[in-house]
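Please look over this model with me. My notes come after it.

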Amino acid sequence: MKKVLILAIGVFSLNSFAANPYTDCGIGAALFPNTSWAAVTSNVTWDAGTTAVISATASEDTCSGGEAQTAMLIHDKLENLETEIMIGGGDVYASLSSTMGCNGEDISNELKASYASVLSKKSYASDSRVQKSEVLYTMLKNNDAVQKHCSVFS
């Protein structure tokens with residue numbers, strides 16, 4: 001019943017958005033920005049599309065931009081991303097690079113070095129998930145290699 005209600009609210013509210021919450025918002029849009037069916041499937045699979053609809057309702061401009069997609073991806077896949085940054089690759093790392101509009105240049109060494117300095121701070125280990133996501137987002141936004149080779153923060 002809960003899923004039906006959420007889906008009904010989402011369908012009726014689609015008409016009020018320029019962005020489609022199921023294809024342009026949530027983790028689905030972050031992971032599959034150019035594949036609508038995969039974005040919808042991902043959004044519905046993870047939380048019945050609740051996050052996508054809420055993000056579209058609360059702030060439609062967070063749905064279509066690369067910065068918002070980057071922030072959502074970081075928050076939603078934080079643990080995997082932390083690991084993949086340190087090893088220099090992986091599926092979530094590739095999604096992050098795509099979401100940030102990186103031009104294919106290998107910036108993994110620069111990100112690994114920046115992230116290692118973040119990990120060395122005592123407070124990071126005890127930070128909440130939101131705080132860690134914000135720290136990682138800020139690190140990416142201020143990273144010279146990201147600014148040079150990725151379009152998201154330009």
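1. Basis. This is a predicted model, where local features need pLDDT of at least 70, side-chain atom pairs count only at pLDDT 80 or more, and totals for chains, interfaces and linings use all residues. Residues are numbered from 1 along each chain as its sequence is written, and side-chain values use heavy atoms, with hydrogens and water left out.

2. Overall make-up. The protein chain has 13 helices and zero strands (DSSP runs, H or I of at least four residues for helices, E of at least two for strands, numbered from the N terminus). Among contacts (heavy atoms within 4.5 Å) with a separation of 6 or more, 61% join residues 24 or more positions apart.

3. Faces of H12. Lys132, Ser133, Leu136, Tyr137, Met139 and Leu140 are buried in H12. Seen down the helix axis, the buried residues of H12 fall within an arc of 160°, so they line one face (the arc is taken over directions from the helix axis to the C-beta atoms). Turned away from that buried side are the exposed residues Val130, Glu134 and Asn142.

4. Packing against H10. Helix H10 (residues 108-119) and H12 have axes that come within 10 Å and cross at roughly 140° (lines fitted to C-alpha atoms over the stretch in contact, with angles from 0 to 180 degrees between N-to-C directions). Leu111, Ser114, Tyr115 and Val118 in H10 meet Val135, Leu136, Met139 and Leu140 in H12.

Definitions and conventions: Buried < 20%, exposed > 50% of the residue type's maximum accessible area, 1.4 Å probe, protein only.
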